Amino acid sequence: MFSKLVSRNSSRSRKENGLFFSSLFISVIAFYMVLSLPEQDVMVFLKRMESDAVNKLLGLLPVFYGATLFILFFLIYYASRFQMERRRHEFGVYLMMGMRRSKLFLMLLAEDLRNSVATLLAGVPAAVLLSELVSLVTARLVGIGLIGHHVSFSWKAVAWTVAGFTVIKLAAFLLHSGRISRQEIGSLLADAPEAAIRQLPASVYAFSAAAGVLCLAAAYRKAVREVTWDEIGQMGLTVAFGLAGTLLFFQGLRFLIGLCVKNNKKDAKLHMFNVRQIHETVIRRSGTMAICSLLILSALCCFGAGVAISRFYGESESHLLDYTFEDTNTGNDVSWIRQLLKDQQLDQQFSDLFEMKTGHMKNDTQTKKTFQMDSVMDALRELPPSKDRDVLLNNLSYADSPYLISLSCYNHLLEAAGQPGLQLDGKEAAVYIDNTFTTPGRTQILNQILKTEPQALLLGKKHQLTGAIQSANLVTDRSITLSFALIVPDDVFERYTRGTYNVYLNGILAQNKETQSSLMSAISQMNEQLDQTGLTYESYLQNMGRQLFYMVAASYLTIYLAIIFLIIANTVIGVQFLMGQRRSRRRYRTLIHLGASYQILCQSAQKQILWYFGIPVAVAACSSLFGVRALFTGILSSATKRELPEMIVISAIMITVLCIVECIYMLAVKRSSDKYLLTLMMPEREE
């Protein structure tokens, strides 16, 4: 009999509190996916390339895990309190019928353990499957290939997920059960009285609303300014303005809702009842609504910025070269590298091996500067004032000793990329600027000036700068970049460098090597063979590893935080509404006695849900546009910021997606509300 009672009560709790248990189910999945991150293919691959950075990232996982447990404990405590309060009358009946308090405690403990086990049994397998799916998709996207994929089930992640979930559930249960067990039967059977609401004058709420708007505007303005990220004091002030503005705005909503009531002349059914319900909810729970709005804001910012950054790092890098070999002794002789590759029969695995020569001009004259381009600087000064113009004037003022690039080597690179080569005579030079040191706007300005073929002085001799700005990657390693260089014919290159320059040997793997397996696998196999030769080389794998690290750090952790914040905010606000609805059951029963139909009550509750959810979500969505912009301002490098418009568009799309998720969550709350209202339509039994 006891076991049947436990089974029936736990099943009923899961059905009646589906939102809460769905949140716990998603939390279990999020726990496992993050804790199993070290076992996934991408992280195993990254450990080979960026071990230090990956170890630091993995070292943060226990911090995220502990912080999440701490936050979710309060979520479970709050939601469990709602369940206990909802069953107060039931507990009183059990005690009145002779059930001992110790047996009541055991019954509740058994119910909680049964629900926890059910959640874990459903959540852990789903987490494992979803983790494998994500790992497969990631492996496919980064080029590891399905053949190189390994099943990454982690017993350690399962153990920590079960342990953490069980501890916070048990702690919340003990706190609530202890409080319930100490109450007398009469207090359990009686409805708990609602706390009195202290109302302030309308002018106070009007002032709060106005002050909140001003504080939010100040926070938005400070957030998008770069100085905020340079000074801790400014950052603290920005956060303080944001928090204060949100709290004050929600406190002042009472005044704004009052204006809506006065100006709305609709004669809709239960219109005034709906407004009064919303009015009381805002007065009673404005602080909680503000906190939930801040949590939703954090989720929107994390998700929008994380997806945009990971997408940028996944697509920003064009791939052409697979290997770059370097002579660490002399720096300008790679013939022995070619011979060694031939002796080891490794040269056959490359479709192309070509040299890339770069070097400084050797100044043996009395000229202080090896390079001058006064005509370009004069043309820039004549342009209308703008930020791009000022940045170019500043950067090019330091370009008085640029690198030189051999024309034949660069043309070989362009040919490998399927682009036409450059045609230069002995008195012409092309400008090279790596993409990380410029933006599309600045490149366009320089290209307009280069169309006039301005003159420049190389070691006092006149040369014409011609063609468009060049920016193809010279070597595999993206850490070797040139902020400003000149591409000159080979004889000019040899004459100005006086035979002292650096030579890199670039290699492109043969197509048949890539078709036999994935690109990542092909490079990994080649690395194993090259490591035995003792050659100093840089592969695309190392470069790709850096990009993948940023993708993982940006996508996994930010999306994980977004899910946790969203779960907490939605569960709290959903459970709070349902608690308030149950406290108002006497009002609903009065409306039923007055003739209100079930459909009218459902429409009334749905309007309340729309307002109750819509206000925090709308405030969070508006703030997230500035929040994402602020994150990009602070964490993106100057080179990455050139993609800022596209990244903001991606973030806006992701924010819209989460807002759609919020709408789906509102539909779920509406369904729970409709089910509860249906129970009120039944005649109330007097005891």
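Helix H10 crosses helix H12 in a left-handed manner. In this predicted model, H10 spans residues 202-223 and H12 spans residues 232-251. Their axes lie 7 Å apart, at an angle of about 150°, which means that H10 runs roughly antiparallel to H12.

**The contact of H10 with H12**
- On the H10 side, the contact is made by Tyr205, Ser208, Ala209, Ala211, Gly212, Val213, Cys215, Leu216, Ala218, Ala219, Lys222 and Ala223.
- H12 contributes Gln234, Leu237, Thr238, Phe241, Gly242, Gly245, Thr246, Leu248, Phe249 and Gln251.
- By residue class, this contact holds 13 nonpolar, 8 polar and 1 charged.

**The protein as a whole**
- The secondary structure consists of 26 helices and 10 strands.
- The protein has 687 residues, and 51% of them count as buried.
- Among contacts with a separation of 6 or more, 83% are between residues 24 or more positions apart.
- The accessible surface is about 33,600 Å², and carbon and sulfur atoms account for 59% of that surface.

**Threonine 443**
- Threonine 443 sits in helix H19, which covers residues 440-450.
- Its relative accessibility is 19%, so threonine 443 counts as buried, the cut-off being under 20%.
- Leaving aside residues up to four places away in sequence, threonine 443 touches Thr438 and Ile469.

How values were computed: Residues are numbered from 1 along each chain as its sequence is written. This is a predicted model: local features need pLDDT of at least 70, side-chain atom pairs count only at pLDDT 80 or more; totals for chains, interfaces and linings use all residues. Side-chain values use heavy atoms; hydrogens and water are left out. Axes are lines fitted to C-alpha atoms, for helices over the stretch in contact, and angles run from 0 to 180 degrees between N-to-C directions. Helices (H or I, at least four residues) and strands (E, at least two) are DSSP runs, numbered from the N terminus. Angles under 35 degrees count as roughly parallel, over 145 as roughly antiparallel, 65 to 115 as roughly perpendicular and the rest as oblique. A crossing is left-handed if the near helix is turned anticlockwise from the far one by less than a right angle, and right-handed if clockwise. Contact means heavy atoms within 4.5 Å. Ala, Val, Leu, Ile, Met, Phe, Trp, Tyr, Cys and Pro count as nonpolar, Asp, Glu, Lys and Arg as charged, and the others, Gly among them, as polar. Buried means under 20% relative accessible area, exposed over 50%, partly exposed in between (1.4 Å probe, protein chains only). Accessible areas come from the Shrake-Rupley method with a 1.4 Å probe; for residues, only the protein chains shown count as cover.
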